[in-house]
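Dear colleague,

I am passing on the structure we spoke about, with the sequence alongside. Please open both before reading further.

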Amino acid sequence: MTTATVDTERLKRGVDLRDLAGRLVMLRKESTAELSGPCPKCGGDDRFHVKEDVFFCRQCYPLENGKPHDAIEFVTWAGLARDFRGAVDYLG
């Protein structure tokens with residue numbers, strides 16, 4: 001599957017970020033839809049929050065930073081892939 005032929009919106013909908021992030025850090029329940037834990041980037045104990053389709057860190061990746069907060073961005077942000085294409089391949 002090449003990046004050019006991937007429906008990225010469908011790809012993102014097929015990923016639960018809580019499961020993906022839970023592979024990197026121990027998460028605890030904040031609510032029925034939200035988990036939190038240590039940030040995999042800056043290490044803050046309770047700064048990292050993740051829902052099914054969005055993630056953020058209050059310190060190093062706040063919601064107001066103007067960048068995406070979806071599964072594809074998480075994969076690159078967390079260092080699981082080097083770029084967009086690599087993230088799509090990782091998730092695909």
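The model is a predicted one, in which local features need pLDDT of at least 70 and side-chain atom pairs count only at pLDDT 80 or more, while totals for chains, interfaces and linings use all residues. Residues are numbered from 1 along each chain as its sequence is written, and side-chain values use heavy atoms, with hydrogens and water left out.

Helices and strands here are DSSP runs numbered from the N terminus, a helix being H or I over at least four residues and a strand being E over at least two. In α4, which spans residues 84–91, the residues A87, V88 and L91 are buried, where buried stands for under 20% relative accessible area, exposed for over 50% and partly exposed for what lies in between, with a 1.4 Å probe and protein chains only. These three lie on the same side of α4, because they cover an arc of only 100° around the axis, the arc being that of the directions from the helix axis to the C-beta atoms. Among the elements that cover the buried residues of α4 are α1 (8–13), α2 (17–22) and α3 (71–77).

In soluble globular proteins, nonpolar side chains tend to be buried together.

F55 is in contact (heavy atoms within 4.5 Å) with L17, F48, H49, V50, Y61, L63, H69, D70, E73, F74 and W77, once its neighbours within four places in sequence are set aside. V15, in the loop between α1 and α2, is buried at 14% relative accessibility, and it touches L20, E52, A71 and L91, not counting residues up to four places away in sequence. V15 and L91 are 76 residues apart along the chain, yet their C-alpha atoms are separated by 7.7 Å.

The sheet

An open sheet is formed by 4 strands in the order β1-β2-β3-β4, with antiparallel pairing; two strands pair if DSSP finds at least two bridges between them. Because β1 (28–29) and β4 stand at the edges with a single partner strand each, one side of each is left without a neighbour in the sheet. Between β3 and β4 there are 3 bridges, and the bridge partner of F48 in β4 is C57.

Salt bridges

Counting a side-chain nitrogen of Lys or Arg within 4 Å of a carboxyl oxygen of Asp or Glu as a salt bridge, the total comes to 4. E9, K12 and D70 are linked in a network of them. The side chains of D70 and K12 meet at 3.0 Å, N to O; since D70 lies in the loop between β4 and α3 and K12 in helix α1, the pair ties together parts that are 58 residues apart in sequence. E9 is partly exposed at 43% relative accessible area, whereas K12 is buried at 19% and D70 is buried at 17%. Another salt bridge joins R18 to D16, with the closest N and O atoms 2.8 Å apart.

Cysteines

Taking a disulfide to be a pair of cysteine sulfur atoms within 2.5 Å, the model has 0 disulfides. C39 is in none, and the nearest cysteine sulfur, that of C60, is 3.6 Å away. The sulfur of C57 is 3.7 Å from that of C39, its closest cysteine sulfur, which is too far for a bond. C39 is buried with a relative accessible area of 4%, and C57 is buried with one of 0%.
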